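Please keep the structure in view while reading.

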Amino acid sequence: MSNQITKRKCMRVLILAGVILWSFVGQHTVAQVIGAADTEEEIEPMYDDQKPIVNLNPNDPSYNIWKKIRDDISEGREPGPINVQRYDGHFPWIGIPTFFHLPVALTPEDLKAGNVEVAIMGAELVGGMRARTWGPQEMRNPHRSEVYHLWGSLSMPELDAGVTALHELTVVDYGDAPMEPLSLERTIPEVRKMVREIASVEIEGGKRTIPIIIGGGHALMYPDVAGLVDVYGKGKVGIIHFDAHQDYAPVGFGHVITHGNPVRVLIKDGLVPGKNIIQVGLRGPTSTDVPTLEEARKAGIRYHTTAEIERRGWEAVMKDALREATEGIEYLFISFDVDVVDPSFIPGTSTPEPGGLYMREVLPMMRRLCAEANVIGIEIVELRPDSDPGYISVQNAKAVLRQCLNGLAMRKKGLTEPGYLHPVMLDDGN
Ligand SMILES: [Mn+2]
């Protein structure tokens with residue numbers, strides 16, 4: 001008897017719950033429940049050939065999912081870098097791949113708490129041949145690039161200056177900028193925000209964290225520099241730009257920023273004056289043309305073509321470029337397009353250009369710039385390992401990154417004398 005009553009009660013509760021549920025959900029379309037538009041009539045037509053603008057649907061539930069930061073990113077932990085490796089030091093072929101097996105930082109609070117001097121981040125940008133380059137992930141991959149480099153407490157000094165960069169400096173892997181897989185325009189502001197976020201962190205000695213951005217295509221130069229200018233001020237930042245190409249194109253298939261024109265847009269937007277831009281390694285045949293070069297001269301850009309390097313020699317040109325980068329430029333950004341290097345060293349790039357710099361020319365230049373100039377940010381871009389079935393592209397790009405860190409460590413130790421080398425390097429004493 002009491003069982004029957006309980007059953008009836010249960011039925012009544014179920015019916016009531018059903019009515020409530022129906023009144024809440026049943027009258028609404030599925031689209032409303034997941035946050036999409038009310039009826040089909042309200043949605044803009046997806047394709048409209050009379051309106052040559054990309055149509056986006058902000059009601060698509062995945063509209064912003066690619067840049068939504070995890071709610072629990074700092075939950076249950078003190079701010080500071082997180083070391084994800086188990087051992088104090090080991091060989092490269094074990095462990096969790098981060099840049100150089102470095103600790104990870106996820107928030108500006110982590111950078112601040114760890115007094116982090118350098119934060120390496122990845123940034124991919126879509127666009128032409130540059131979608132999904134795998135540049136950042138392969139630079140983390142020790143299989144590609146670190147076979148001969150021990151790390152952690154086992155790391156050995158670089159021979160040139162006798163400095164062990166990762167023991168001198170606090171460096172982290174800051175993860176990657178968010179990437180909208182179909183839109184350069186929606187990704188660029190997010191990269192700018194992330195670079196600004198890193199450079200905004202004030203650390204000991206009145207310094208700021210230095211972002212190193214691993215790309216990704218060269219459209220990155222715009223958000224990378226803009227993010228730094230947001231912190232250091234308009235007209236305060238200079239750029240030394242290594243590239244086979246001038247990246248000063250007057251056209252871009254209607255897109256305001258592409259991998260072919262960041263230099264032009266930075267000047268046009270008043271972020272960097274032309275006179276604060278120094279270009280090294282320009283060459284043909286697809287680099288630029290004479291009228292564009294003449295226009296760049298009018299904008300005040302200083303440049304050193306490969307033809308000039310051939311005529312005057314690397315030593316003389318390197319000396320001039322170093323002087324230009326250190327005199328009258330308060331804060332220096334290094335933009336390194338890996339295609340400045342000869343494709344025999346770095347074939348894994350989107351627009352290879354034979355006849356480029358040798359690694360033996362590039363490495364001391366990067367070390368010297370970071371030691372002798374006031375470098376506040378670096379990008380290494382246009383690395384595209386998936387077009388190189390071998391190891392050489394990433395290995396050489398990683399060597400560029402290592403020499404940058406070496407130079408930054410030398411500067412911290414006060415080894416800023418021009419062309420400094422450890423005394424035993426040039427003299428065997430016998
Ligand atoms: Mn470039």
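## The sheet and its surroundings

Strand 7 and strand 8 (residues 302–305) run parallel and are joined by four bridges. Within this pairing, Gln279 stands opposite Tyr303 of strand 8. To get from strand 7 to strand 8, the chain passes through helix 10 (residues 290–298), in a β-α-β crossover that is right-handed. The model discussed here is predicted.

Strand 7 covers residues 277–282, and six of its six residues are buried. Strand 7 also pairs with strand 6 (residues 237–242): these two run parallel, with four bridges between them. Here Gln279 of strand 7 is the bridge partner of His241. The chain goes from strand 6 through helix 9 (residues 262–268) to strand 7, and this β-α-β crossover is right-handed.

Are the residues of strand 6 buried or exposed? Six of the six are buried, so strand 6 is mostly covered. Val237, Ile239 and His241 point one way from the strand, while Gly238, Ile240 and Phe242 point the other way.

Strand 6 also pairs with strand 9 (residues 331–337), in the parallel sense and over six bridges. In strand 9, Ser335 is the bridge partner of His241, and Phe336 is the bridge partner of Phe242.

The table collects the pairings described so far.

| Strand pair | Sense | Bridges |
|---|---|---|
| Strand 6 and strand 7 | parallel | four bridges |
| Strand 7 and strand 8 | parallel | four bridges |
| Strand 6 and strand 9 | parallel | six bridges |

These strands belong to an open sheet of eight strands with parallel pairing, in the order 2-1-5-10-9-6-7-8. Strand 2 (171–176) and strand 8 are the edge strands, and each pairs on one side only. From one strand to the next, the twist averages 15 degrees.

Helices pack against this sheet. Helix 8 (residues 221–232) touches strand 5 (210–215), strand 6, strand 9 and strand 10 (375–381), and its direction makes about 170 degrees with that of strand 10. Helix 14 lies across strand 1 (118–123), strand 2, strand 5, strand 9 and strand 10, and runs at about 175 degrees to strand 10.

In soluble globular proteins, nonpolar side chains tend to be buried together. In this model, the largest nonpolar core has 103 residues, and those with the most contacts inside it are Ala119, Val225, Leu332, Val375 and Ile380. Helix 14 (residues 392–412) gives the most to this core, with nine residues.

Which residues does Ile380 contact, leaving aside its neighbours within four places in sequence? They are Ile214, Gly215, Phe336, Val338, Ala397, Val400 and Leu401.

## The whole chain

The protein chain has 14 helices and ten strands. Of its 430 residues, 43% are buried. Among contacts with a separation of 6 or more, 77% are between residues 24 or more positions apart.

How confident is the predictor, and what is the mean pLDDT? The mean pLDDT of the chain is 88, and 87% of the residues reach 70 or more. Over residues 17–38 the pLDDT is below 50, and this stretch has 13 contacts in the model beyond near neighbours in sequence.

Technical notes:
Residues numbered from 1 in each chain as written. Predicted model: local features only at pLDDT ≥ 70, side-chain atom pairs only at ≥ 80, totals over all residues. Buried ≥ 20, exposed ≤ 12 C-beta atoms within 10 Å, placed from the backbone. Pairing = 2+ DSSP bridges. Right-handed = clockwise from strand over helix to strand, strands pointing away. Contact = placed C-beta atoms within 7 Å. Core = buried A, V, L, I, M, F, W, Y, C linked by C-beta atoms within 7 Å. pLDDT = per-residue confidence, 0-100. Axes fitted to C-alpha atoms, helices over the stretch in contact; angles between N-to-C directions.
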